[in-house]
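Have the viewer open while you read.

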Amino acid sequence: MSREIAWCGLDCTACKGRMDVIRERVILLNEAFAAANIGEVAKEIPFMRLNYRGYTKITEFFSTPCKGCRQMGGNPFCSIRKCAQKQGYQTCAECDDLCKKFRPLLRIHADGEVQHNIEAIRKMGLEAFSDQ
């Protein structure tokens, strides 16, 4: 297989490329914040204190290269991955329908990519789809 395809049908290879861009920008922003001593500033300004803690948790996630869903990267709470693994499926294309576990993902990927990929995997098979 040339592309890594997640259980949900998304192309992890493409997602990793997008995440690389985000990671580079997060690193630059963290460097700018460090130069401006924002961590200490946030301790002294009440509304920033809580927001800065949330910021640091988010940037921790984006600062680490994603390994891909099949190597337990991505969302650690992904119910789609857990379900597919429990069922022993290679992808959710083996299921009859995209279940309610897909609702959050479909809101994020409103462009139809998920549905298109699942249908293509059903028609072509995972290996042929990933080799496109």
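1. First, keep in mind that this is a predicted model.

2. The largest pocket holds about 650 Å³ of space, and 25 residues line it. If you want to centre your view, L10, G74, N75, L105 and H109 are the lining residues nearest the middle of the largest pocket.

3. Which helices build that lining? At least two residues each come from α1, α3, α4 and α5, and α1 gives the largest share, with six residues.

4. Next, have a look at T91, in the loop that runs between α4 (79-87) and α5 (103-108). T91 counts as buried because its relative accessibility is 2%, under the 20% cut-off. Its side chain comes to 3.1 Å from the backbone nitrogen of A93. Leaving out residues up to four places away in sequence, T91 is in contact with A6, W7, R70, I121 and L126.

5. Two backbone angles deserve a look. Most residues other than glycine have a negative phi. N37, not a glycine, has a positive phi of about 60°; you'll find N37 in the loop between α1 (12-35) and α2 (38-44). With 44% relative accessibility, N37 is partly exposed.

6. The other angle belongs to M72, also not a glycine, where phi is positive and near 65°. M72 sits in the loop between α3 (46-63) and α4.

Notes. Residues numbered from 1 in each chain as written. Predicted model: local features only at pLDDT ≥ 70, side-chain atom pairs only at ≥ 80, totals over all residues. Heavy atoms only, no water. Helix = DSSP H or I, 4+ residues; strand = E, 2+ residues; numbered from the N terminus. Buried < 20%, exposed > 50% of the residue type's maximum accessible area, 1.4 Å probe, protein only. Polar contact = N/O pair within 3.5 Å; in protein donor to acceptor, adjacent residues only side chain to side chain. Contact = heavy atoms within 4.5 Å. 1 Å grid on protein atoms, 1.4 Å probe; cavity = no way out; pocket = protein on both sides within 12 Å on 5 of 7 lines; lining within 4 Å. Points joined across faces, edges and corners; volume = space filled by probe spheres on them.
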